[in-house]
Amino acid sequence: MSTTQTPVKKNISRRSFLRTGTQVVAGMGAFVAALKPLASIDPDDFGGVQGFLQKHYKEMDDEDMDAALRRIEADVKRRFDVDAVAKDIKPTTGVEFVYALNLSRCVGCRKCVHACVAENNQSRSPEIQYIRVLEMPKGTLDIEKGNHHYDRPSVPDLDHFYMPIQCHQCANPPCTKVCPVEATWTEPDGITVVDYDWCIGCRYCEAACPYWARRFNFTTPEIPKEEVNPEISYLSNRPRPQGVMEKCTFCLHRTREGKLPACLEVCPVGARKFGNVLDPESEVAQILRTKRVFVLKEEVGTLPRFFYYFDERYPRDASQDSYEEMPDMPGVIRTHGGAKEEASK
Amino acid sequence: MKEYFRFLWRCFRLSFHGNWMYKTWMLILSVIALFGLNAWAKQIAGGLATTGMTDQVSWGLYIANFTFLVGMAAAAVMLVIPVYIYKNHELHDLVIFGELLAVSAVTMCLMFITADLGRPDRASHLLLRFNWPISVLTWDVIVLNGYLFLNLHICGYLIWCAYNERKPARIFYIPFVFIAIFWAISIHTVTAFLYSGLGGRPFWNSAVLAPRFLASAFAAGPSFLVLTLLLIGRFTAYEIPKKAIATLRSIITVALTINMFLLGCEVFTEFYTDSAHAASAKYLFLGLNGYSALVPWIWTAISLNTFALIVLYTPVRLRTGWMSTACVAMIIGIWIEKGMGLIVPGFIPTPIGEMVEYLPTQNETLVCLGIWAAGLLLYTILVRVTIPVLTGKLTRTRLYSTGDES
């Protein structure tokens with residue numbers, strides 16, 4: 001095949017060889033110089049070899065998970081010099097978690113925001129927070145009218161009400177649908193989680209979420225050593241690497257072990273309620289049965305597991321008769337339907 | 001096989017030869033590309049914090065350029081359709097330039113997507129757990145890579161045959177040409193579905209988005225081809241038939257008209273209804289609550305597109321100078337319309353009503369310029385080696401003299 005040799009090759013003189021050689025070396029040199037910033041990377045910040053080879057959460061057996069947890073503990077030690085205990089806590093069957101938030105009570109103190117950050121090892125620099133509290137003018141539920149950055153010497157302001165927004169743990173979540181690598185999914189107990197070691201950081205889920213509930217680690221998160229929460233779990237509050245998504249997990253490392261979410265525990269006015277909606281005796285089940293409950297952006301079809309409600313005008317245990325006898329209550333207006341019922345008696 | 005590698009080696013060597021203008025052009029592009037590579041390396045080390053993106057505006061210039069370039073790639077087939085469906089054989093060889101553009105544009109798309117990833121080191125996860133068919137992004141991965149291979153095959157085969165002075169066997173490329181025509185529509189439709197499928201973003205959640213994408217792409221892509229063909233005609237020995245420019249011009253005219261019409265439809269629906277969902281559109285066109293960074297951009301885009309439309313509908317379109325100015329105006333106009341006019345305002349205000357504006361950083365801009373330079377470099381090389389092959393100056397038996405031309 002090579003009978004048609006080109007004459008060009010034979011014509012290479014020493015001079016042109018040197019010139020070409022210099023050009024090649026200069027080109028390669030420029031290429032290497034351009035890549036120099038990569039030299040400053042610590043491979044451990046990117047998970048090292050073990051992190052690179054680690055399987056997807058759902059594909060790991062007990063042995064794989066144990067190795068992953070030990071790697072995570074070592075990584076926390078390396079990054080923060082903290083001895084952490086990492087666990088993988090599984091959901092309990094027959095449990096579906098639901099959150100309910102009483103808008104009549106919330107005073108907008110933002111204690112939940114900061115308790116969440118402390119519990120879940122969010123980045124302090126740059127600041128990442130899962131809960132956003134809106135200060136709403138009375139007379140509207142349009143969240144575009146809310147003030148995200150209110151700063152008052154004391155709360156509540158009597159002309160406003162307060163609306164905290166966090167992940168709604170949707171039953172029909174747009175965020176998990178769009179993930180190209182299944183790095184985020186909904187657990188059987190209704191909590192949508194992220195495998196921080198699987199996420200490729202495309203941020204499509206962040207664009208898809210109608211509640212702006214997802215956060216991205218634009219750089220390696222920083223947490224002061226003394227503020228690191230050492231009780232960590234794989235799917236929730238372990239310190240995150242750079243370049244991955246994170247979100248509220250209903251504090252699953254607490255709630256799956258029978259405790260309450262950090263945001264609820266810190267709430268000074270009892271505006272936050274949490275529990276298993278499949279248990280009819282649970283407080284959240286009762287709230288859903290008896291209160292004036294609504295979900296945010298019902299029209300986008302996400303079926304949130306996060307409900308807002310207002311207190312009734314009368315005590316919850318009051319019967320229809322006792323309500324009518326109560327002073328200061330508007331009179332009961334008999335409807336046509338009611339009259340019919342009476343007539344049929 | 002050996003002959004094939006020799007062909008590649010000859011092409012590789014050929015890409016370093018040319019007159020001083022060619023060499024200067026290549027040198028400038030290489031330098032910009034290297035600066036871009038350097039900026040990207042900084043981004044890998046420091047994270048996407050080196051960009052202007054935030055949790056509020058979580059996609060920016062990278063995704064905007066990606067979207068624009070998907071359109072450029074798709075539009076390359078607008079040369080294919082007249083040739084293979086309407087049997088306009090005069091343009092036969094020009095198809096290859098369109099397909100080379102598609103190859104370069106898709107390569108740039110893939111580079112922009114990689115630049116946008118927070119963890120490109122985990123790209124292999126796409127192969128290990130591919131969320132298909134649920135995630136539209138996985139569809140995009142399939143159609144873009146498929147389109148790249150289709151076009152590589154078609155023009156690679158045709159050029160290889162020309163190199164071997166053989167007549168290409170129809171069976172080896174005609175079926176792929178027809179697949180590529182439909183595939184081209186699919187790449188831009190799927191890319192539009194990436195955005196229009198998001199119920200939480202009313203600005204994107206519109207059925208007209210995919211048709212608008214296609215219309216604007218079929219205006220911008222052929223405009224770029226017109227410019228390329230004019231440059232090839234001027235700087236190389238290759239003869240560009242007049243008919244090619246005329247065909248492309250009529251395609252551009254129709255596409256740009258439809259694009260402007262669809263934009264009007266969108267604007268009417270948003271503003272006449274005047275619901276809360278129009279917040280992003282208000283921000284884009286008029287400014288909202290004192291925020292108005294994008295207003296000058298969108299009006300510049302509309303002015304440029306209107307100017308191009310006027311040129312296309314008046315006799316000055318026949319003058320090369322006017323036509324090329326209109327093409328440049330249109331490319332810039334549509335680039336703004338897709339980026340500043342579509343991707344960024346979709347994030348402002350956020351779904352829960354916060355107003356945060358987006359301003360790209362210097363590093364991010366350098367990465368973008370670098371990718372553009374790399375793409376143009378690739379396109380220049382592809383065109384550079386294709387022309388002598390097509391004109392019969394470089395074949396298996398004849399080595400193209402590497403002396404200067406023009």
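Biologist: What makes domain 1 and domain 2 of chain A separate units here?

Modeller: The bounds come from an automatic or database domain assignment, and for chain A that assignment gives domain 1 as 42-87 and domain 2 as 97-310. Bear in mind that this is a predicted model. Taken over C-alpha atoms, the centres of domain 1 and domain 2 of chain A are 25 Å apart.

Biologist: How do you know which residues of the two domains of chain A are in contact?

Modeller: Residues count as in contact if their C-beta atoms, placed from the backbone, lie within 7 Å. The contact takes 20 residues from domain 1 of chain A and 17 residues from domain 2 of chain A. On the domain 1 side, α3 (62-80) and β1 (85-87) each supply at least two residues, and α3(A) gives the largest share, 6 residues. By class, that side has 11 nonpolar, 4 polar and 5 charged residues.

Biologist: And what makes up the side of chain A that touches chain B?

Modeller: Here 55 residues of chain A are in contact with 49 residues of chain B. At least two residues each come from α1 (14-34), α5 (174-178), α6 (204-208) and β7 (214-216) of chain A. The largest share, 4 residues, belongs to α6(A). This side of chain A divides into 33 nonpolar, 13 polar and 9 charged residues.

Technical notes
Residues numbered from 1 in each chain as written. Chains lettered and ligands numbered in written order. Predicted model: local features only at pLDDT ≥ 70, side-chain atom pairs only at ≥ 80, totals over all residues. Nonpolar A, V, L, I, M, F, W, Y, C, P; charged D, E, K, R; others polar.
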